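Here's a quick tour of one structure, with a look at some strands and some charged side chains. Have the viewer open as you read.

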Amino acid sequence: MQPPQYPENEDARLKALTHCALLDSAPEERFDRITAMAKAVFDVPIVLISLVDKDRQWFKSRQGLTATETPRDISFCGHAILTPDQLFIVSNAPLDPRFSDNPLVRSAPQIGFYAGAPIKDAQGFALGTLCLIDNRPRQLSDSQQQLLWDFAALVEREIQYQDTQSLNQQLQQSTEQYASLVRNIPGVTYRRRNDKNWTMLYISEQIQALCGYSADQLIHAQPVNFAALIPHDYLSALTGQVQQAVASGQSWQLEYPVVTQSGQYRWLEDRARAVTDDSGEEVYIEGFLLDITRERQARDKLERHNQALKLLNRISFELRGSVSEVIEQALKLGCEFLQMDMAIVSEVLQNTYVVRWYYQPPGGGLEHGQHFDLLQTYCDITLKNRSLLAISHMGESQYCQHPCYQAFGLESYIAQPLNVDGKIFGTLNFSAATPRPQGFDEIDKLFVALLERWLGAKLERHQQRKMLNNLVEQVPGMIYQFRQWPDGHIAFPYTSSAIKDIYGVSAEAVKADAARVFERIFDEDLPRVSQSIEDSRAQLSVWNEQYRVLNQQGQPEWVEGRARPQRLEDGSTIWFGYIANIHQSKLIELSLESSEQRLRSLFELSPIGILLADYQTGQLLDCNAALLRPSGYSRQQLLSMNIMDLVPQSHIHLRSKILEQISSQDRFGPLEAKLRCHNTDSYPIRLQGVKIADQDQRTLVWCLIEDITEHKRVERMQKEFIAMVSHELRTPLTSIKGVLSLLAGGAIADMPEKAKSLLSTAYKNSQQLNDLINDILDLEKLSADAITFNMQALSVSAVLEEAKELYQHYGLKQGVTVSLIHPQEDYVVYADKKYLLQALANLLSNAIKFSPEQGVVTLSARRHQQHIRLQVEDQGEGIPDTFRERIFKRFAQADSSDNRKKGGTGLGLAITAELMVKMGGDVGFESEFGQGATFWLTLPAATDGVSD
């Protein structure tokens, strides 16, 4: 911190400060009025008139500060008085090395900005400053700096007028000694009659210097009587006061003006008494006249100065209404103070003069928005002059030929260029149809200048507020101020119009009482909202809450509010913030939370292991319990690992396969591998995954890790079962079937008919049992992937022809004809010929079996989208509705009773379905019960020719 130095003339300066008699004096309205106006004009929280004493700075007037003085060594004003002819401005105190660690910056009042204008007495000694203080950094424009000098000049005038008052006191003391010193004091002594003409019997020669008339001209009213010099409106009142004093035998002291021989006004102080003779009869009046013109002018000037400040103070703080109403009230008051007829606030748009606000006598011709050519107005002169312009008699001025004077004849005119936000807006001007003999004095000019500053600031705030309101109306939700007083009363001093959309009430309805807003808060949320507001008030913490509000239909809608509190000097708290409708996004959020909870539950309850990993690094990020149980890892252990740590060394080759698939398809698998456990064992798994991106666009991989230990065990059992059936059951059954075939074929002669019948039945049963075993073995081989398919390009026509040849004989035995409709094109499919014929055989066998005698089973083929469809159509009863869903299941039969008419294992269609899936095809049917059925096989159409 840098303490202020002492001026070189410090001793003389301190004597001048003591002489002004202001230190430690009581507050005075004349100084407080100036600081109040400066506070309003500059829109700062603190304005001070500071007097810098030996060890302190003492505040004669203060606005926005409770302290009456501070030490000089930490004062800003101590620096300001070192350059009496310059403003001392610190735009950003916290960053200024001279003041950054100053207690007044680091703690209350937390000075962020300081601007001080030195105040000097008549001898030029800097007594102190008029200073502006803000708690945030800021700058002053050139016009604002000049205005600060103007306010400082007002303070200096008040101090100098104080010297005038001291002179008046001395005059009062001199007057009290008048009776004994009258003949020896310079002035006018007189003796006159007590008549209406104030006929002078004697008057000293000094009267000529006072009023221009000689004593001889006034004595005996020849040729001038003294009463004629007194203005008539004063004379009658003076005569009454004199007669009352004479009657009561008292002396008197009166002040009145006289008109001099040159026509000017001079003020006299008249001290006199009536002289009586011994009998008590009045003889004459004798007295003493003193020229008090200078003192009277000083008092009048001071009084008018105070009137101007009071009027400006009234304009600044007391006028009410809209901006237009307040401005036109101010113009009317300005006309009354200046004794002018008319006032106009104009806006200049290029070369056009527009009347925006005005005051005029009744019957005037002005209108709002009225346009004039700028060159035809006095405003043109004002703007070219670039400063205040005052003309008391236009007809005798250099502007007597101006078009405006020729058109309207306005004789007196005073105007100031009007600046708004640092730019010329137009002019503030006052005019009258008559000349102004007394001219425009400095009080008139100061009044107009200060009124222009107030008006410019008013319009600037209005424009900023208008712009802010326009911006606020575009903000989604409502902007507001919410205030809570110490007694608990609450209100919204300001809200944007969007409060109607949020709470269904107008801004005006809650300006004095916020109760209607809280009535619209959903009952379940109201206690929480109230408590959060109380917590924010107590801790001065940011309030942020989501809650529900009842809409116009009485339905709750979600809103979100956020506000920052501030404690005011009266103990109340005010919040500045916004509230926005978030109903749709909140519903989505709640839905997402619910979905996330459900998904998390499924994630944790899934019997299949699930793993989340980083695609780039392989780092494990999450896993479920189904993965932890068989692996033996704890969650913490597993999530500290890389995904490749779970793959045994013998399966590292899968990494390249997984990366290749996921790069080309964004997914991989299913693949069979092994997972390494915590105890270094491993178990078989089926692994598949998909690539995703999270909300941060980080690439992740979800993996399903299925424990197939049991599946592998069952697979081994299936293989063992197939081997057992193949070796232990089918071999002896083949032998039995051969023997029964020989016996039924007549290997034994003269066999009884009953025995032949039994052998035939046994042979048929062995044949069915052999078919059942073959079907079971085929299904088990398919399920265990124990069949190798020889896939090749096949001609559909050739396959259908071969299938017809194979089953035509069987059809004839059943009384059914097998018909082939050759395709119009030579379709080619990619399949295993053996197993495709087996699938067709199963369909043909069923079709023949369930066809009526003399029926027809039709084979055909057609293109279906990108596939070829092979069809088998019969004329049987069709498929019952109750059988449709399980027709391709194992051992499924429409008639499952013990005495069913049609035989079969119920495995043919199941085998057909498995075969088609293995060959990349499909199987299905179309049927209407009672009208037959059409079964079809589909296979992808091959692009290559038929294989050799």
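Is Arg869 buried or exposed, going by its relative accessibility? Arg869 counts as buried, at 6% relative accessibility. Keep in mind that this is a predicted model.

## Arg869 and its partner

The side chain of Arg869 meets that of Glu926 in a salt bridge, at 3.6 Å from N to O. Arg869 sits in strand 32 (residues 867-873) and Glu926 in strand 33 (residues 922-927), so the pair ties together parts that are 57 residues apart in sequence.

## Other salt bridges

The count of salt bridges comes to 44. One of them joins the side chains of Glu255 and Arg296, 2.9 Å from N to O. This pair links distant parts of the chain: Glu255 is in strand 9 (residues 252-259) and Arg296 in helix 10 (residues 293-317), 41 residues apart. Glue the label "partly exposed" on Glu255, which has 30% relative accessibility.

Then there's Asp570 with Arg483, whose side chains meet in a salt bridge at 2.7 Å, N to O. Asp570 is in the loop between strand 21 (556-567) and strand 22 (573-581), while Arg483 is in strand 18 (residues 478-484), so this contact ties together parts that are 87 residues apart in sequence. Asp570 is partly exposed at 43% relative accessible area, whereas Arg483 is buried at 18%. If you like networks, salt bridges also link Glu524, Asp525, Arg528, Glu545 and Arg548.

## A buried strand

Now for strand 23 (residues 609-614): six of its six residues are buried, so the strand is largely enclosed by the rest of the structure. In a regular strand, side chains alternate between the two faces of the sheet. Here Gly609, Leu611 and Ala613 point one way, and Ile610, Leu612 and Asp614 the other.

What does strand 23 pair with over six bridges? That's strand 27 (residues 699-707), in the antiparallel sense, with Leu611 standing opposite Cys703. Strand 23 is also joined to strand 24 (residues 620-623) by three bridges, again running antiparallel, and Ala613 has Leu620 as its bridge partner there. Strands 23 and 24 form a hairpin with five residues between them, and Gly618 in the turn has a positive phi of about 80°.

## A negative patch

On the surface, Asp277, Asp278, Glu281 and Glu282 gather in a patch of negative charge. Glu282 belongs to strand 11 (residues 282-291) and counts as partly exposed, at 35% relative accessibility.

Methods
Residues are numbered from 1 along each chain as its sequence is written. This is a predicted model: local features need pLDDT of at least 70, side-chain atom pairs count only at pLDDT 80 or more; totals for chains, interfaces and linings use all residues. Side-chain values use heavy atoms; hydrogens and water are left out. Buried means under 20% relative accessible area, exposed over 50%, partly exposed in between (1.4 Å probe, protein chains only). Helices (H or I, at least four residues) and strands (E, at least two) are DSSP runs, numbered from the N terminus. Two strands pair if DSSP finds at least two bridges between them. Patches are made of residues with over 30% relative accessible area and no salt bridge: like charges are joined within 9 Å, nonpolar side chains (Val, Leu, Ile, Met, Phe, Trp, Tyr) within 5 Å. Accessible areas come from the Shrake-Rupley method with a 1.4 Å probe; for residues, only the protein chains shown count as cover. A salt bridge is a side-chain nitrogen of Lys or Arg within 4 Å of a carboxyl oxygen of Asp or Glu. Lys and Arg count as positive and Asp and Glu as negative; His and the chain ends are not counted. The place of a charge is taken as NZ of Lys, CZ of Arg, CG of Asp or CD of Glu.
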